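Subject: Structure for you to look at, with notes

Dear colleague,

I am handing over the structure below, and I would be glad if you kept it open while you read the notes that follow.

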Amino acid sequence: MKKLALHWQILIGMLLGIVFGFIAASFNGQDFVIKWIDPFGKIFVKLLKLIAVPLILASLIKGISDLKDISKFKNMGLRTIVVYIITTIIAITIGLGLVNTLKPGNGITEATVNMLKDKYSTSNQAQTILINAKQQKEAGPLQFLVDMVPDNAVYAMGNNKFMLQVIVFAILLGLCLLLVPEEKAKPLKDFFDSLNEVVLKMVDIIMLFAPYAVFALLASVVVSADDPDILLALLKYAGVVVLGLFLMICFYMILVSVYAKKSPFWFINKISPAQLLAFSTSSSAAALPVTMERVEEHVGVDKEVTSFVLPVGATINMDGTSLYQGVAAVFIMQVLWPEGLVFSNQLMIILTALLASIGSAAVPGAGMVMLVIVLEAIGFPSDLLPIALALIFAVDRPLDMCRTTVNVTGDATVSTIIAKSLGKLGEPHVKNWDDNYPVK
C-alpha cells in the first residue's frame, strides 16, 4: 500500500485539529486543549527552531566554501537582494491597490470600533508592541546594519531572534575558508558538510511528527479564537488581506512557470509541507529547516543557492507581511484617520514597509511592531495608535498564519529563480529518513 504523501498527512492533521478545536470550544474544553494538546505543538516548534541555527551555519559555510570563487558569491548575493526588494515592493503595491479599491474600512461602524477599543486598546500586548516599536524608531537610521553584526557569535547562535547575525558570521567564515590553503580548510569544510547532512536527517525525523503537531497547533488556535461577532465585523478587512496574499502566490507561480520553466502545480506540491508548517506555526524561522530541505531535495535547487538565499529570505524577505502592512495601514486610516489618505502617505507606506521588513524577527507577531513603525512614519496620531492596534488584533493571528505562508512561498520561489539564473537548478534528489537504516 502506497504511503500517503506528507503534505496530505499534514493537511489532514490541520483539518482534524480545526474540527477538534471547534468541538472542544463548543463543550467548554478549552482548558483541556491548552493543557493536554497544545504542548505537543509547542514541542514540535521548539524542535524545528532547535535545528534552524545549526542548519544555517553548516549549509551556508559549506555552500560558500564550495563556490571556489568569491566573485560567484558576490553575483549570487546581489541578485538575491535585488529580487527580494522587487518582490516586496510588488507585494506592498498589490496590497495598497486592493485596499484602496475595495475600501474595507468603510464598513466598520463606530459601535464596532468602540467594542474593539474596550477589549484591546489597554491590553498588555498592545502596550508591549508600542514599546518595541518606539525602541526601534528611536534607533539610528543605520541601526539595522549595526544589529546585523554580532559581537559574540556563540550568543547570537543561542537566540533565533539574532538569525541575521548568525548569517553574517557564517558568510564571513565561509569566505575566509576560500582564502586559506585548501589543505588547511578541508577539515573544517568536511566537519560542516557532515553536520549539514546530520541536521537534514534530523529534519526528516522531526517531520514524521508533523501531522500530529499541526493537529495540536490548529486545535489550540481555534479554542483561543476571539468573539465570533468581532471576527465577522472584520471579515471584509481580513478578506482583502487574504485576496492580496492569494494574488501574490499567483505572481510567484507566474515567475516559476515563465522563468524557471517549472509547472506551478508541481512546485506547490513539492514545497507544500513547508507552506503548511509556516501556516501552522506562524514562524518563518520554524519552517526554515523544512523549507531548505524541500527546495533542495524536492525542487532540485543546488545547496550553494539554498544555503544562502533561504536563510537570508527568512530574515529580510517578508512579502506577505509587507503586503499586510499596506492593507492594515490604509484600513486603519479609512476608519480612524481618513484625512491621512493622501498619495504621499501611500508612497511613504511602500518605503517604510520595505525598510521595516529588513531584519524583522521571523517570529509570530513581528508584523504588528512593523505596522506601528509604518503608521508613525506617515504621521498617524500617536493617541490613536492603541485604538489602531485594537482594530485589527482580533484577526491578527489567522492573518499572521496566512502571511507567513506567503513569506515562505516567496523565499522558495526566489531561490528557484536565482538557481535558474545561475545554472544551479537540477533534478530533485529526495532523501528519506531511513535511507541508511539497515534492512534485515
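To follow the first point you need one cut-off: a residue is called buried when its relative accessible area is under 20%, exposed when that area is over 50%, and partly exposed in between. Please also keep in mind throughout that this is a predicted model.

With those words in hand, look at helix H4, which spans residues 110-120 and in which Thr112, Val113, Leu116 and Tyr120 are buried. These residues cover an arc of only 100° around the axis, and therefore they lie on the same side of H4. The face of H4 turned away from that buried side carries the exposed residues Glu110, Ala111 and Asp118.

Stepping back to the whole chain, you will find 20 helices and zero strands. A compact globule of 440 residues would have a radius of gyration near 22 Å, and because the protein chain has 22 Å, the two agree. Along the principal axes, the C-alpha atoms fill a box of roughly 70 × 50 × 45 Å. Of the 440 residues, 52% count as buried, while the accessible surface of the chain comes to about 20,000 Å², with 66% of it belonging to carbon and sulfur atoms. If you take the contacts with a separation of 6 or more, 86% of them are accounted for by residues 24 or more positions apart.

The UniProt record, which is an unreviewed entry, carries the annotation "transmembrane region" for several stretches, among them residues 47-64 and residues 369-395. In the model, residues 47-64 are 100% helix and 0% strand, with end C-alpha atoms 26 Å apart. Residues 369-395, on the other hand, are 67% helix and 0% strand, and their end C-alpha atoms are 16 Å apart.

Aspartate 38 sits in helix H2, which covers residues 30-65. What does aspartate 38 touch, once residues up to four places away in sequence are not counted? The answer is Val33, Ala216 and Ser220. At 8% relative accessibility, aspartate 38 counts as buried, because the cut-off for that word is under 20%.

Two loop residues also deserve a careful look. Most residues other than glycine have a negative phi. Lysine 261, however, has a phi near 60°, which is a positive value, and this lysine is placed in the loop between helix H12 (235-258) and helix H13 (264-281). Serine 282 likewise has a positive phi near 60°, and its place is in the loop between H13 and helix H14 (284-299). Is each of these two residues buried or exposed? Lysine 261 counts as exposed, at 62% relative accessibility, whereas serine 282, at 1%, counts as buried.

Finally, there are the cysteines. A disulfide is a covalent bond between the sulfur atoms of two cysteines. A search of the whole structure finds zero disulfides. Cysteine 402, for instance, is in no disulfide, and the nearest cysteine sulfur, which belongs to cysteine 250, is 14 Å away. With a relative accessible area of 23%, cysteine 402 is partly exposed, and cysteine 176 is also partly exposed, at 37% relative accessibility.

A colleague

Key
Residues are numbered from 1 along each chain as its sequence is written. This is a predicted model: local features need pLDDT of at least 70, side-chain atom pairs count only at pLDDT 80 or more; totals for chains, interfaces and linings use all residues. Side-chain values use heavy atoms; hydrogens and water are left out. Helices (H or I, at least four residues) and strands (E, at least two) are DSSP runs, numbered from the N terminus. Buried means under 20% relative accessible area, exposed over 50%, partly exposed in between (1.4 Å probe, protein chains only). UniProt positions are given in the numbering used here, feature names are shortened, and annotations may be inferred rather than shown by experiment. A disulfide is a pair of cysteine sulfur atoms within 2.5 Å. The radius of gyration is taken over C-alpha atoms; the globule rule is 2.2 Å times the number of residues to the power 0.38. Contact means heavy atoms within 4.5 Å. Accessible areas come from the Shrake-Rupley method with a 1.4 Å probe; for residues, only the protein chains shown count as cover. The arc is that of the directions from the helix axis to the C-beta atoms.
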